[in-house]
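Thanks for coming. I have one model to go through today, so please look at the screen.

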Amino acid sequence: MSMKAQIIRTAKWAKRTLKKLRPVDERGVLSPVRRINRVALSERVCAMTFDDGPTALPPEPDHTGGRALTDHLLDVLREYGAHATFDVIGSTAENYPDRAGKPGTPQWGGIAYDHYPDLNCDDMAGAVSQSRLIGRILAEGHDLSNHGYRHIIFGKKGVIYGKRRYLQSGREVYDDLKKLDDLLREYHGYSLSLGRPPHYVDRLPDGLTSYDIYLLLGYQYMGASFDGDGWLPKPTYDEEVRAMVEPMRALLEADPDALCGQIVFQKDGYNMQKRTPVADGLAQQLELLRKYGYRVVPVGELTALSQFEDLGPDDPLYPTVSGLLRAGYTVVYRDNRVKLHLPVTRGELAMFVTPRDELVRTVRERMEGKPLSAIGGLDARHPYYGAVRYTLERGLLSLAGGKFDPAAPITPADLQGLYPQLGGSDVQVSTARADILTTLFTLLGGSGAGR
């Protein structure tokens, strides 16, 4: 394994470790777009995802007689009665001039850009040139996700991709994603609802993020919680296949329910050594999952069973939270947790009662470069700016000393002023998060009708 590849693996390990060490009450921000890594589920159901295809070149090494890699993966999935989400690209054919980097490094397929399935083989992958494969994916009951038309990263990633070209603005990201969105709708009648940024890069130089652009497109952010591996090179192909299978085997042997509600990450393409261990490793993974009684489904089907990471469908509050989301209100954190134990802040209360369309309006104004003045000391780049503007304009909340502090805890007075404006004059006031959500669910339309 190259030094850069080892750095990637180490960095991902460090990120996971630091996340576990963070306080359990880490707040984060409420967001209409949630990064869905896994969901709370007691059934043995998991989702599987495949990035960077569809791919018409054969596996490497090839045990299929020249069959397209994506066809082979679909054959294996069909054999096991499994379904998946294919996180597809449009085409990397426009990503020139370029040259290949050193094999075994992240630049193996291009120094300036990514090229799938390989440099100078761009017509062998992607929805543009591989319409047949897209058609087969959909005909066999799998889902699609938007991985970027040209698979160009959404902002700079200096440590790993210091020389890599990147998109500079929300407008560029929107246009890139919309191009693939339109293509799939026009030629395949498919409406996308999920996106995964290339290399998980989220923050753009203009201050917008992938979450902002996904909001405009009506997507949720498709993450993953279990690395199916195979994308990082090992000294031999057999070691790469074992790296896909043995961690899953060890996890399930230790806890047969460990993969309940998890999303597994895979590749529909070559790894850094231009090999495809997924071609052999996938069947072994699915055999393990079958042994332990798992059903493998697309991400959309998984989230239909359970939506949140810390609130399962058996929880009495689940219909309330999911109902508010259906009505277009933001009551869940960006990390897809409800966090009922946390006290509600004034910024969060503003988000609770602001319709999704108002948040879309603010992002669109920012993307189009419209000057937005600070409100109550709150800059337009703050994730709660649109909600604060909406609630102040309508008298739902008020400034305190000429300022609006989104991190300040709410008071009974905030609720006593808010509820009558929403049609609740005799509502009992409680500042507990669960009680507020229950009250708002009733006042904002109950089963899903927004105001």
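I will go through the strands, then the cysteines, then the salt bridges.

This is a predicted model, in which local features need pLDDT of at least 70, side-chain atom pairs count only at pLDDT 80 or more, and totals for chains, interfaces and linings use all residues. Residues are numbered from 1 along each chain as its sequence is written, and side-chain values use heavy atoms, with hydrogens and water left out.

Helices and strands here are DSSP runs, H or I of at least four residues for helices and E of at least two for strands, numbered from the N terminus. Let me begin with β8, residues 263–267. Five of the five residues in β8 are buried, where buried means under 20% relative accessible area, exposed means over 50%, and partly exposed is in between, with a 1.4 Å probe and protein chains only. Ile-263, Phe-265 and Lys-267 point one way from the strand, Val-264 and Gln-266 point the other way, and all are buried.

What does β8 pair with? Two strands count as paired if DSSP finds at least two bridges between them. Five bridges join β8 to β2, and the two run parallel. Within that pairing, Asp-51 has Lys-267 as its bridge partner in β8. Strand β7, residues 226–227, also pairs with β8 in the parallel sense, over two bridges. There, Phe-226 is partnered with Val-264. From β7 the chain passes through helix α6, residues 237–254, to reach β8, and this β-α-β crossover is right-handed; that is, with the strands pointing away from the viewer, the path from the first strand over the helix to the second runs clockwise.

Helix α6 contains Ala-250, which counts as partly exposed because its relative accessibility is 45%.

Asn-37 sits between β1 (35–36) and β2 (45–51). Asn-37 counts as buried because its relative accessibility is 11%. Its side chain reaches the backbone nitrogen of Ala-224 at 3.2 Å.

Now the cysteines. The structure has zero disulfides, a disulfide being a pair of cysteine sulfur atoms within 2.5 Å. Cys-260 is buried, at a relative accessible area of 5%, whereas Cys-121 is partly exposed at 24%.

Last, the salt bridges. The count is 32, taking a salt bridge as a side-chain nitrogen of Lys or Arg within 4 Å of a carboxyl oxygen of Asp or Glu. One of them joins Arg-136 and Asp-75, at 2.6 Å from N to O. That pair links distant parts of the chain, with Arg-136 in helix α3 (residues 131–139) and Asp-75 in helix α2 (residues 69–79), 61 residues apart. Arg-136 counts as buried because its relative accessibility is 12%.

Asp-229 and Lys-234 form another, with the closest N and O atoms 3.4 Å apart, and both residues are buried.

Glu-365 and Arg-389 also meet in a salt bridge, at 3.0 Å from N to O. Glu-365 lies in helix α11 (residues 356–367) and Arg-389 in helix α12 (residues 385–393), 24 residues apart. Both are buried. Finally, salt bridges that share partners join Arg-67, Asp-71, Asp-75, Arg-78, Arg-132, Arg-136 and Glu-140 into one network.

Conventions
Polar contact = N/O pair within 3.5 Å; in protein donor to acceptor, adjacent residues only side chain to side chain.
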